[in-house]
Amino acid sequence: MVVSMDHRRCPAAHPDDPTPCTGPVAVTVLDTTNAGANGCEHHGARLLASLAGGRVYALPDAPTGAAIRVFKAADGIRPFCWIEGPRTEPSQLSRAENRARAHL
């Protein structure tokens, strides 16, 4: 699915996330109970970053490397990154930020 001119977004886009899709639906992101949503790489990464224990899988017609790009991108994205405000708790930081803190 490519985002059309009527500004519909992929199912992985959180209603409060103001960003548009960037490309076709390419991945499925699953939570720990196997509930999931298909999404573009951009929203797939943002969703994965907001889940504890989430997983990402490429859809059959996805561009090569879509799932690994989403996985790598999610590592540096803070959970619910569209929410403004200070972030100090580990649950509010990206996985990369938490790893860096652990090495201090």
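Good morning. Helix α1 passes helix α2 in a right-handed crossing, a crossing being right-handed if the near helix is turned clockwise from the far one by less than a right angle, and left-handed if anticlockwise. What we have here is a predicted model, in which local features need pLDDT of at least 70 and side-chain atom pairs count only at pLDDT 80 or more, while totals for chains, interfaces and linings use all residues. Residues are numbered from 1 along each chain as its sequence is written, and side-chain values use heavy atoms, with hydrogens and water left out.

Let me begin with the helix pair. Helices are DSSP runs of H or I with at least four residues, strands are runs of E with at least two, and both are numbered from the N terminus. Two packed helices are described by the angle between their axes and the distance between the axes. Here α1, residues 41–49, and α2, residues 66–75, pack at about 50°, with their axes 8 Å apart. The axes are lines fitted to C-alpha atoms over the stretch in contact, and angles run from 0 to 180 degrees between N-to-C directions. The two helices are therefore oblique to each other; angles under 35 degrees count as roughly parallel, over 145 as roughly antiparallel, 65 to 115 as roughly perpendicular, and the rest as oblique.

Which residues of α1 and α2 meet? From α1 come Glu 41, Gly 44, Ala 45, Leu 48 and Ala 49, and from α2 Ala 66, Arg 69, Val 70, Phe 71, Ala 73 and Ala 74, contact meaning heavy atoms within 4.5 Å. These residues divide into eight nonpolar, one polar and two charged.

I turn now to the salt bridges. The count comes to four, each a side-chain nitrogen of Lys or Arg within 4 Å of a carboxyl oxygen of Asp or Glu. In one of them, Arg 46 meets Asp 17 at 2.7 Å, N to O. This pair links distant parts of the chain, Arg 46 in α1 and Asp 17 in the segment before β1 (27–30), 29 residues apart. Arg 46 is buried at 13% relative accessible area, and Asp 17 is buried at 2%; buried means under 20%, exposed over 50%, and partly exposed in between, with a 1.4 Å probe and protein chains only.

Another joins Arg 99 and Asp 75, their closest N and O atoms 2.6 Å apart. Arg 99 lies in helix α3 (residues 95–102) and Asp 75 in α2, 24 residues apart. Arg 99 is partly exposed at 43%, as is Asp 75 at 22%.

Notes:
Ala, Val, Leu, Ile, Met, Phe, Trp, Tyr, Cys and Pro count as nonpolar, Asp, Glu, Lys and Arg as charged, and the others, Gly among them, as polar.
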